[in-house]
Amino acid sequence: MVGGAVRDALLGLELKDLDYVVVGGDFEGMLARGFRLVGRDFPVFLHPVSGFEYALARRERKSGVGYGGFAVDFAPSVALEEDLLRRDLTINALAVDARGQVVDVSGGLEDLYARRLRHVSAAFVEDPLRVLRLLRFYARFAPLGFEIAPETWALAMRMVASGELDYLTPERVWVEVVKVLELPRSALFFEGLFALGGLSVLGLQWVSEQEFLQMQAQLVAVGGRCGLAEVRLAGWLAACEGTLEAMAQQLPLPRLFIQWGRLFVECAPILRQWAQASALARWQVFKVCGSLRARGEIRTLVLALGLEGAVLATIERMQEDLLALDVEAFQALGFAGKALGEAIYQAQLAILEGGDR
């Protein structure tokens with residue numbers, strides 16, 4: 001057993017996925033034992049019963065630039081120690097062998113107990129993705145007291161300054177960002193990226209320090225109220241004009257993330273001034289949130305903005321009245337076509353004109 005499972009077990013954390021390295025194995029032997037090949041870039045197999053991942057031990061040699069610029073050897077002669085030494089951080093380079101003994105080739109146990117994130121070797125610089133992974137692990141484990149080792153931080157600084165991160169594909173960067181946004185302390189990732197001068201991987205290199213601090217404050221606030229990645233990212237970007245468009249141009253943001261970004265931009269100003277908003281402005285908020293004839297997202301947005309209490313109560317009462325509007329009742333009064341739509345619209349405005357009942 002290797003990597004994160006060993007690390008988390010030693011930290012007393014819940015284990016989710018167990019990963020194994022197979023030493024002395026080959027493709028034919030794994031397939032003959034019923035394992036199913038799933039890896040495209042690397043030979044990763046799924047156990048026929050448990051479904052856990054088993055990867056052939058490998059050694060790597062830098063052969064090009066970027067995340068994928070490696071020549072990889074999966075020969076049965078590759079030793080466990082060689083496989084562990086190619087990993088990024090010492091706390092991720094631990095293994096438990098078949099006898100239950102911890103295998104530590106880089107001081108990972110000492111770093112684990114010292115709460116230190118340190119690179120395994122100078123080969124850390126060969127993979128730019130490791131900078132993002134370093135910051136993600138920092139965001140995840142900082143609540144446990146972990147800090148980045150000074151020499152590892154210095155190495156990350158040199159990697160960013162060299163432009164190595166420019167070779168990362170937008171798709172791979174986005175995978176890391178989504179993982180980060182699921183963490184309670186995700187702001188630490190972006191704080192580290194800003195300090196390293198690496199916001200260009202997000203398309204946000206033009207953001208000023210003051211704008212960035214505003215973004216961070218809003219991310220902390222929204223992140224404390226909502227655990228949805230798309231809502232957290234939207235809250236972060238909404239604090240600085242133009243960031244949503246810039247990030248969507250740089251990275252493959254899914255439609256859901258873009259929609260939430262627009263919800264914050266278009267609706268948050270009106271929701272924050274709800275008592276003074278016109279019926280038409282309120283109607284537009286309900287419409288954008290998809291909440292005129294369905295529950296939509298307005299409640300989640302209100303909660304993410306921290307507008308509980310009277311504002312939330314008023315909006316929920318209005319929505320109940322909106323959902324109670326009976327189209328068939330209007331049709332029974334003789335309304336049809338455009339006249340029916342106009343009648344429903346005027347009824348909706350009447351509901352939204354009022355406030356507390």
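Me: Are α10 and α12 parallel, perpendicular or oblique to each other?
Reply: This is a predicted model. Helix α10 spans residues 229-238 and helix α12 spans residues 255-272. They pack at an angle of about 45°, with their axes 8 Å apart. Angles under 35 degrees count as roughly parallel and 65 to 115 as roughly perpendicular, so α10 and α12 are oblique.

Me: Which hand does the crossing of α10 and α12 have?
Reply: The contact draws on residues of α10, including Val231, Leu233 and Ala234. From α12 come Leu256, Phe257, Trp260, Gly261 and Phe264. The crossing of these helices is right-handed.

Me: How many nonpolar residues does the contact of α10 with α12 have?
Reply: Split by class, this contact includes 2 polar residues and 1 charged residue. The nonpolar count is 9.

Me: Which element gives the most to the largest nonpolar core?
Reply: That core has 54 residues. Phe190, Leu202, Leu204, Leu233, Trp236 and Met247 have the most contacts inside it. Elements giving two or more residues include α7 (170-181), α8 (187-196) and α10. The top giver, with 8 residues, is α5.

Me: How many residues are in the second, separate core?
Reply: Trp260, Ala279, Leu301 and Leu349 are among its members. Its residue count is 33.

Me: Is Gly309 buried, partly exposed or exposed?
Reply: Gly309 lies in the loop between α14 (298-304) and α15 (310-324). Its relative accessible area is 47%. Buried means under 20% and exposed means over 50%, so Gly309 is partly exposed.

Technical notes
Residues numbered from 1 in each chain as written. Predicted model: local features only at pLDDT ≥ 70, side-chain atom pairs only at ≥ 80, totals over all residues. Heavy atoms only, no water. Helix = DSSP H or I, 4+ residues; strand = E, 2+ residues; numbered from the N terminus. Buried < 20%, exposed > 50% of the residue type's maximum accessible area, 1.4 Å probe, protein only. Axes fitted to C-alpha atoms, helices over the stretch in contact; angles between N-to-C directions. Parallel < 35°, antiparallel > 145°, perpendicular 65-115°, else oblique. Left-handed = near helix turned anticlockwise from the far one by under 90°. Contact = heavy atoms within 4.5 Å. Nonpolar A, V, L, I, M, F, W, Y, C, P; charged D, E, K, R; others polar. Core = buried A, V, L, I, M, F, W, Y, C linked by side-chain atoms within 4.5 Å.
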